[in-house]
Amino acid sequence: MAGRTLDILMIEDEPNIAEAVNFILMREGWQVGVHGDGAGGIEAIRAARPRLVILDMMLPNRSGAEILADLRADPDAAVAGIPVLMLTARGHTGEEAARADAVLAKPFANDDLRDMVRRMLN
């Protein structure tokens, strides 16, 4: 991975979803990293400095909404400004996700995910 910037950091605790999303996005040529827990989520974002964060709303130990709030309040403007695509269960798309740049409800179509990520990275 030397010399290659991480395009996307996904914070998702469900292995099947993480694996599927990773597969879909890597087929498009994007470099994807996965962090599987809410604990350490903001630290993972700071360390990776991805071009996009895909963040699950419901995570163990720290919610996606809490991680997103920390991200938007980060003193480093480059970190605070990283675009976020929030993944939510149907019915959890309210105020909690308001600071996200985009929201995608689970289950979602592969094409919808690809199209949204493409728009957010361009």
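Trainee: What makes the pair K106 and D56 a polar contact between side chains?

Mentor: Happy to go through it, bearing in mind that this is a predicted model. The side chains of K106 and D56 are joined at 3.0 Å, and the cut-off for a pair of N or O atoms is within 3.5 Å, so the pair counts as a polar contact. K106 has another such partner: its side chain and that of E12 make a polar contact of 3.2 Å.

Trainee: Why is K106 called buried?

Mentor: Buried means under 20% relative accessible area. K106, in strand β5, has 14% relative accessibility, so K106 counts as buried.

Trainee: And E12, how do you know whether that residue is buried or exposed?

Mentor: By the same test: its relative accessible area is 2%, so with a limit of under 20% E12 is buried. E12 sits in the loop between β1 and α1. Among the residues that E12 touches are H35, D56, L87 and K106.

Trainee: Why do the buried residues of α2 line one face of the helix?

Mentor: The buried residues in α2 are G41, I42, A44 and I45. Viewed down the axis of α2, they fall within an arc of 160 degrees, so they line one face. In general, an α-helix has 3.6 residues a turn, so residues three or four places apart point the same way.

Trainee: What covers those buried residues of α2?

Mentor: The cover includes β1, β2, β3 and α3.

Technical notes. Residues numbered from 1 in each chain as written. Predicted model: local features only at pLDDT ≥ 70, side-chain atom pairs only at ≥ 80, totals over all residues. Heavy atoms only, no water. Buried < 20%, exposed > 50% of the residue type's maximum accessible area, 1.4 Å probe, protein only. Helix = DSSP H or I, 4+ residues; strand = E, 2+ residues; numbered from the N terminus. Arc of directions from axis to C-beta. Contact = heavy atoms within 4.5 Å. Polar contact = N/O pair within 3.5 Å; in protein donor to acceptor, adjacent residues only side chain to side chain.
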